Amino acid sequence: MSEPASEGVAVVQYSYIREQLRRGWRVTVICPTHGWLGYSARAAGAEVRWWSATRGPGRSVLAETVELRRILAEVDPDVVHLHSAKAGLTGRLAVRGGRPTVFQPHAWSFLAVEGSVRRASLRWERLAARWTHRLVCVGEAERLAGEEAGIEVPTVVLPNGVDLRRLQLKEQHERLAARAGLGLRDVPTAVCVGRLARQKGQDVLLDAWPSVRERVPDAQLVLVGDGPERSALERRAADLDGVLLVGARTDVPLWLAAADVVVAPSRWEGMALAPLEAMACGRSVVATAVPGIAEAVPAEAGQLVPPGDVAALADAVVYRLEAPVEAGEEGWAGRSHVEDHHDELSSARRVLDVYLAVLREQRGRAARRRPLPAAPGRGPGGSGTGS
């Protein structure tokens with residue numbers, strides 16, 4: 001079950017769905033009609049139930065929870081897997097521990113807010129822990145954040161993976177063909193892939209871009225993605241040289257292949273997919289040293305800079321635009337890293353182990369609660385039957 005039904009959360013969930021279907025599991029995906037997840041899951045062979053949910057919390061939560069409870073009663077799943085904060089909220093309210101429940105936050109919601117909203121989010125997560133049979137964290141930093149917040153749930157750390165068959169290593173000379181195919185100029189190119197939202201920090205990258213252009217005058221920056229900040233970013237980009245916003249794309253590997261460096265200037269993350277995908281394509285990565293990126297991008301694959309540090313971000317991007325050989329070596333190191341640590345097949349198989357472990361635990365508890373048959377001749381009234 002997921003809301004959102006697109007972007008990184010959906011990519012991760014879809015990789016799980018495909019592996020479960022391949023193994024013969026019955027899979028039902030519950031998600032909104034906006035986004036591509038439900039349509040792709042149905043094409044892959046999963047059952048899909050449409051759920052009228054919005055992305056954020058609000059007055060609609062009660063109606064969404066009632067609808068979800070009805071859908072779950074009809075589907076009758078053995079395990080419920082909730083992806084991201086909204087599904088985690090409504091799903092646990094609907095189930096309340098009545099079915100084995102796995103929650104995967106994909107970045108804690110309380111990290112995105114401050115003040116009273118943050119306190120309310122923390123209180124909810126501590127309360128909902130009683131209805132969570134297993135917490136799946138995409139990184140050790142996410143696990144520690146939950147532990148420090150007092151969220152006490154049995155936890156598995158399961159790093160995000162990427163499709164290494166779709167995201168193939170691209171040689172240096174393949175940039176020219178990729179740029180030509182996309183209609184880009186053959187000049188030093190930085191690419192940023194991600195939802196256009198405050199979390200992803202594209203505004204910080206635009207702050208850094210004038211400094212980049214001063215030192216690399218013909219450089220171009222491409223922002224791939226869509227989201228609530230698109231209009232504001234387009235207005236800012238109109239005053240900058242060499243910046244393109246191309247919207248949401250299904251051909252992300254081609255845009256990564258066109259890059260000299262891929263930039264991920266996020267303010268916070270669970271475990272961002274864009275840097276992993278960039279490394280899979282053999283591209284150098286410049287990213288912020290936030291939990292969820294720092295543990296996924298090794299030093300030899302690029303450079304991490306402090307979040308919000310405009311000067312450091314510009315310097316790191318300029319270095320890789322001016323030193324393509326060194327950037328290429330970082331790309332090779334990144335590919336080796338994701339092959340060893342972030343193959344989506346490994347992650348998808350480990351999710352199945354989580355489900356089976358939760359089912360064993362719940363069935364074991366049910367068996368222990370069940371009264372044992374009485375010994376012959378010793379039951380109530382000497383009938384030899386259990387009560």
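## About the model

This is a predicted model, in which local features need pLDDT of at least 70 and side-chain atom pairs count only at pLDDT 80 or more, while totals for chains, interfaces and linings use all residues. Residues are numbered from 1 along each chain as its sequence is written, and side-chain values use heavy atoms, with hydrogens and water left out.

## Helix α4

Let's start with α4, residues 84–95. Helices (H or I, at least four residues) and strands (E, at least two) are DSSP runs, numbered from the N terminus. The expected span of a helix is 1.5 Å times one less than its number of residues.

Among the buried ones are Lys 86, Leu 89, Arg 92 and Val 95. Their cover includes the helices α1 (7–22), α3 (61–75) and α5 (115–128), along with the strands β3 (80–83) and β4 (101–104).

## Residues in and around α4

Ser 84 belongs to α4 and has a positive phi, near 75°, although this residue is not a glycine. Ser 84 counts as buried because its relative accessibility is 12%. Ala 85, also found in α4, is partly exposed, with a relative accessible area of 27%. Leaving out residues up to four places away in sequence, Ala 85 touches Pro 105 and Ser 109 (contact means heavy atoms within 4.5 Å).

After the helix comes Arg 96, with a positive phi near 50°. Another positive phi in a residue other than glycine, near 55°, belongs to His 106. You will find His 106 in the loop between β4 and α5, and its 13% relative accessibility makes it buried.

## The second largest pocket

On a 1 Å grid over the protein atoms alone, a cavity is a set of points where a 1.4 Å probe fits but cannot get out, and a pocket is an open set with protein on both sides within 12 Å along at least five of seven lines; lining residues have an atom within 4 Å of a point. Grid points are joined across faces, edges and corners, and a volume is the space filled by probe spheres set on the points.

The second largest pocket has a volume of about 470 Å³. Its lining has 21 residues, and Arg 26, Val 27, Thr 28, Pro 77 and Val 79 lie nearest its centre. Two or more lining residues come from each of α1, β1 (28–31), α3, β3 and α14, and α1 gives the largest share, four residues.

## Cysteines and a loop histidine

A search of the whole structure finds zero disulfides (a disulfide is a pair of cysteine sulfur atoms within 2.5 Å). The sulfur of Cys 192 is 15 Å from the closest cysteine sulfur, in Cys 281, which is too far for a bond. Cys 192 is buried at 3% relative accessible area, and Cys 31 is buried at 0%.

His 342 sits in the loop between α13 (324–341) and α14 (344–369) and is buried, at 3% relative accessibility. Apart from neighbours within four places in sequence, its contacts include Pro 159, Asn 160, Met 271 and His 337.

Key:
Buried means under 20% relative accessible area, exposed over 50%, partly exposed in between (1.4 Å probe, protein chains only).
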